[in-house]
Each structure stands twice: as C-alpha cells, then as structure tokens.
Amino acid sequence: MSLDFTVIPPFIGVILMGALWTIAITAASAVLSFFGGIVFAVVALYAPWVIRLPFRAFAWLFMGTPLLLQLFLIYFGLVQIGIDLPAFAAGVIGLGLHFAVYNSELIQTSILAVDKGQMEAARTIGLSRSQALRKVVIPQAVRDVIPPIGNNMIALLKDSALVSVIGVSELTLSAQLAIGRTYRPFEFYVLAAVVYYIINLGMEAVQRRIERRIKAAR
Amino acid sequence: MTDQIPFVNIRHAQKSFGTLEVLKDISLQVAKGEIVAIIGPSGSGKSTLLRAINDLDPLTGGEVWLEDMQVNMKLPHRQYEKHINQVRQNIGMVFQHFNLFPHLTARQNVTLGPKMLKGLSEADANKLAEEQLAKVGLLDRIDYYPSRLSGGQKQRVAIARALAMKPKVMLFDEATSALDPELVEEVNLVMKKLAEENMTMIIVTHEMGFAEAVCDRVIFMDNGVIVEQGPPDKIFRNPDNQRTQDFLRKHLANANR
C-alpha cells in the first residue's frame with residue numbers, strides 16, 4: 001500500500017476542530033498550572049506544616065506517578081466518590097495540576113533567589129509579610145521564571161495528547177478518528193505531527209513576546 | 001533645635017547571634033530633631049543596633065522605644081506582626097544597597113506603601129510621589145525603572161520612598177557606601193536638606209566629613225559597646241578614648257591612601 005495524502009482533505013475540518021480543542025485544553029491547563037504553581041510555591045515555602053506536609057505528599061503524587069494514570073484517576077476514579085467531571089474539565093485539572101507542581105518547583109527556587117533586601121525594604125515600609133510577598137517578592141520571582149516556565153508549557157502542549165485516552169476529541173484523537181475511517185495511519189499521524197509543530201511555533205512566538213515585554217519593564 | 005525628651009530610646013539593648021555577642025547592653029537616647037552619627041569599625045555592631053530600632057534584627061534583650069510606643073513589645077506573634085507593621089510606618093530606613101523594587105518605576109516604588117497602608121487614592125499617591133521625587137531632585141525620572149537610574153539616583157528614590165510614609169525618624173545604614181565617589185555628594189545633599197528640615201536622623205556611616213558637617217552628636221562603637229560619644233568636633237578633633245583615636249587615625253590613613 002503506497003502513501004496517498006489525498007485522503008486528508010475530507011477530514012480537514014475534523015483535524016482543525018481537534019487542533020482547536022488541543023489549543024483550548026493547553027491554554028486552560030497552562031493558566032491553571034501558572035497560577036497553581038505560584039500558590040503551590042507559596043504553600044511549600046511559607047505555609048505552616050499542617051498544610052505544607054499534606055501538600056508535599058500531593059506534590060509527590062503528581063511528580064512521582066505517570067500523568068496518564070493521574071488522568072484515569074481523575075476522570076474514571078473520582079466518579080466512584082461522586083465527582084463526575086466532564087472529560088475536558090478532568091483533562092484540564094489533570095494537566096494543570098501536574099504542571100503546576102513542576103512550575104511550583106521553578107517558582108520556589110526563584111522566590112528564594114530574590115535578594116533578601118527586597119523583603120527587608122518592603123517590611124521596613126510597614127508591609128506585612130504576605131503583602132511584601134504579593135507585591136514585591138513574587139512579581140520579581142515570576143518575572144525571572146517566565147522562560148523556564150515557557151519550556152514547561154511546551155511540554156504541556158505535547159502531553160495534552162494524553163487526554164485523548166479519556167475521550168477529549170483533541171488533535172490526537174481526531175487523527176485517530178480519521179484513521180479509523182480511512183485506515184491511513186501514516187498520513188494522519190504525520191498531519192497531526194505537523195499541526196502540533198505549528199501550534200508549538202505559535203506558543204514560542206507568544207513566549208518571545210511576553211519575554212520582550214518583561215525586558216522592556218526593567 | 002533639640003529638646004530633652006528622648007524621641008528614640010534604646011534601653012539596655014543586647015543582641016547575640018548564637019554565642020557571639022554583637023550588642024552588649026547598649027543604651028542610647030535620641031532627641032526629637034537630633035541627628036546622630038554612629039561610627040566604628042566593621043563588626044562593631046553599629047548596623048545591628050540601627051536595624052534593631054525598627055526590629056529588622058530583633059534584640060535578644062532590652063527595649064526600643066519610639067516616643068511613648070515600645071517598638072519591640074512582647075506580644076503573641078500575630079498581634080506583634082500587626083503592631084510592628086504599624087510602628088515601622090513611622091520609621092524610614094535607607095539601605096546601603098538601596099533595595100529599590102526593580103519591577104516598579106520610581107513613582108511606583110514611592111506610592112506602594114502609601115497606597116497599600118494608608119489607603120491613598122491613585123491621584124493622591126501620584127501627587128505624593130511627585131512631591132517626594134521633586135524633593136530629591138528626580139521629578140524628571142519619575143517613570144524610570146531602577147535599572148535605568150544611577151546608584152545615586154536609586155538611593156535618592158529610596159529616600160523618597162521612605163519619606164513618602166511621613167516617618168518620624170529616618171535611619172540610614174551606610175547610605176553612600178556602595179556609591180561611586182562622584183555620586184556620594186548628591187545623596188549627601190539630600191540628607192543635608194532633611195537635616196535642615198529637622199528630621200530626626202540616625203546615620204551609620206563611614207564618612208567622617210559628612211558626620212562632622214551634619215550631625216549633632218557622634219557615637220563611636222566598637223565590639224558591641226558605645227566607647228565614646230559627643231559633639232562631632234570633640235570626637236573628631238579631640239577624642240578621649242584610645243580606641244577612638246586609633247580608629248580615626250586608621251580611618252584617616254585609609255581615606256588618604
């Protein structure tokens with residue numbers, strides 16, 4: 001059987017729809033992982049131990065087990081305790097929290113790297129510790145950590161293919177759907193790969209823009 | 001220009017880091033409007049003493065009072081935090097390394113405190129920032145980020161930031177030590193201006209010339225104690241204590257090298 005890319009056009013709509021879902025789930029998970037990462041970092045560094053220790057266990061769970069398993073657990077497992085999430089929401093929560101834990105590691109390091117004179121100067125004015133963190137320390141830490149977080153977000157895009165297994169009809173699942181109809185795996189997997197790559201380029205462009213903006217404000 | 005009621009009152013200040021005793025039972029009263037310089041070799045405890053005044057380095061013993069308010073009051077943690085944040089609004093502090101907030105413009109550096117702590121409106125805060133930055137001669141740099149300011153300009157913004165809280169006393173921790181020599185004067189001028197406005201100031205410094213020109217009293221510290229204190233011409237021209245004499249001679253030799 002030879003290759004025949006003319007099978008693609010009838011499925012362009014399906015694939016584009018899949019690409020849109022991939023972008024949506026990546027964007028939503030990225031936002032969750034960013035803000036979740038900040039919250040987790042603050043908890044890991046500053047919360048009293050009664051909150052910090054359970055959080056460590058939770059972070060270990062997300063870092064030490066496969067993302068695929070986490071998605072199964074959130075989508076299929078939680079139903080048993082009465083939490084029935086739609087597949088999209090389960091995917092965003094799984095991806096978002098998973099990468100929030102990774103982002104949190106970066107942000108923690110970055111918070112600790114902010115000169116301690118910054119906290120002192122803020123406290124000297126009369127700001128409380130949490131006000132100083134919010135207005136002085138964390139904005140600087142986050143600014144410094146944007147480039148490595150960008151790399152995590154590219155990994156997130158690629159791992160978003162995993163939510164196909166819980167039935168979110170994103171790009172990978174859409175390709176599989178087209179393959180099921182045409183029995184043309186090579187053509188559609190290559191197409192999906194190209195589309196992932198294009199989305200990836202788009203994300204890098206957005207990232208560069210954010211980094212330029214940050215640089216301008218220095 | 002000074003009255004006799006102690007404005008800042010440090011009583012039996014004692015501070016240890018582990019087994020190292022940095023402050024050994026120091027008492028010091030500063031009157032309202034008085035300008036006091038603290039000099040001494042590095043490691044003498046002068047910065048620690050200054051930082052104890054706003055509890056940045058909490059004392060292990062003794063008391064610090066600002067007027068009728070005890071700074072380092074014994075309170076449960078949560079109440080103490082509330083108390084100290086309130087107290088610190090009255091005590092401006094300027095650091096050797098400026099510690100400007102690099103992610104904020106000069107204006108935002110100045111308005112952060114007043115907006116968050118005194119509930120100033122955007123318009124009032126902006127007016128205050130303009131006032132304070134004009135005072136330190138940097139109105140034309142109001143929307144600059146610190147990275148685009150020279151060291152001297154940064155330190156002047158830092159002074160404006162402290163003044164915006166309308167403090168009762170200003171603490172200077174080697175405010176010009178990190179500056180290139182040609183930038184020292186512009187910061188000194190701002191400090192002189194404050195002195196003329198009768199701001200109460202406590203200045204840790206290595207600049208004997210400035211201390212002599214501006215201060216009402218000079219305190220010489222060594223090894224965690226106040227060795228000698230008096231008016232600047234007495235301390236600099238005719239000190240009684242051998243350690244003061246040695247320090248000044250060494251310092252002068254270094255300065256002339």
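**Entry 1: α1 and α7 of chain A**

I looked up the handedness of the crossing between α1(A) and α7(A) and found it to be right-handed. The model I am reading is a predicted one. I then took the geometry of this pair: helix α1 of chain A covers residues 12–46, helix α7 of chain A covers residues 171–182, and they pack at an angle of about 160° with their axes 7 Å apart. Because angles over 145 degrees count as roughly antiparallel, α1(A) is roughly antiparallel to α7(A). From α1(A), I listed V14(A), I15(A), G18(A), A19(A) and T22(A) as making the contact, and from α7(A) I listed L171(A), S174(A), A175(A) and L177(A).

**Entry 2: chain A as a whole**

I next asked how many helices and strands chain A has. I counted 8 helices and 0 strands in chain A. For its extent, I noted that the C-alpha trace of chain A spans about 75 × 45 × 20 Å along its principal axes.

**Entry 3: α4 and α6 of chain A**

I turned to helix α4 of chain A, residues 87–113, which packs with α6(A) at an angle of about 145°, their axes being 8 Å apart. I recorded the crossing of α4(A) and α6(A) as right-handed. On the α4(A) side, the contact is made by L95(A), F99(A), Y102(A), N103(A), L106(A), I107(A), S110(A) and I111(A). On the α6(A) side, I noted residues including V137(A), I138(A), A141(A), D144(A) and V145(A). The residues of the contact of α4(A) with α6(A) divide into 15 nonpolar, 3 polar and 2 charged.

**Entry 4: α5 and α6 of chain A**

Helix α5 of chain A (residues 116–125) also packs with helix α6 of chain A (residues 129–159), and I noted an angle of about 140° and axes 9 Å apart. That angle makes α5(A) oblique to α6(A). I found the crossing of α5(A) and α6(A) to be right-handed. I asked which residues of α5(A) meet α6(A). They are Q118(A), M119(A), A122(A) and R123(A), and their partners in α6(A) are R129(A), A132(A), L133(A), V136(A), V137(A) and Q140(A).

I looked for charged pairs, since side chains of opposite charge can pair when their charged atoms come close. K116(A) forms a salt bridge with E120(A), the closest N and O atoms being 4.0 Å apart. K116(A) and E120(A) are separated by about one helical turn because they are 4 residues apart in helix α5 of chain A. Over all chains, I counted 19 salt bridges in the structure.

**Entry 5: chain A against chain B**

Finally, I examined the contact between the two chains, which takes 21 residues from chain A and 25 residues from chain B. The area buried between chain B and chain A is about 2,000 Å², and carbon and sulfur atoms give 60% of that area. I asked which three residues supply more than any other three of the area that chain B buries against chain A. They are F101(B), H103(B) and M116(B), which supply 28%. I also counted 2 salt bridges between chain B and chain A. R123(A) forms a salt bridge with E81(B), and their closest N and O atoms are 2.8 Å apart. I had already listed R123(A) among the residues of α5(A) that meet α6(A).

How values were computed: Residues are numbered from 1 along each chain as its sequence is written. Chains are lettered from A and ligands numbered from 1 in the order in which they are written. This is a predicted model: local features need pLDDT of at least 70, side-chain atom pairs count only at pLDDT 80 or more; totals for chains, interfaces and linings use all residues. Side-chain values use heavy atoms; hydrogens and water are left out. Axes are lines fitted to C-alpha atoms, for helices over the stretch in contact, and angles run from 0 to 180 degrees between N-to-C directions. Helices (H or I, at least four residues) and strands (E, at least two) are DSSP runs, numbered from the N terminus. Angles under 35 degrees count as roughly parallel, over 145 as roughly antiparallel, 65 to 115 as roughly perpendicular and the rest as oblique. A crossing is left-handed if the near helix is turned anticlockwise from the far one by less than a right angle, and right-handed if clockwise. Contact means heavy atoms within 4.5 Å. Buried area is the accessible area (1.4 Å probe) that two parts lose on being put together, summed over both. A salt bridge is a side-chain nitrogen of Lys or Arg within 4 Å of a carboxyl oxygen of Asp or Glu. Ala, Val, Leu, Ile, Met, Phe, Trp, Tyr, Cys and Pro count as nonpolar, Asp, Glu, Lys and Arg as charged, and the others, Gly among them, as polar.
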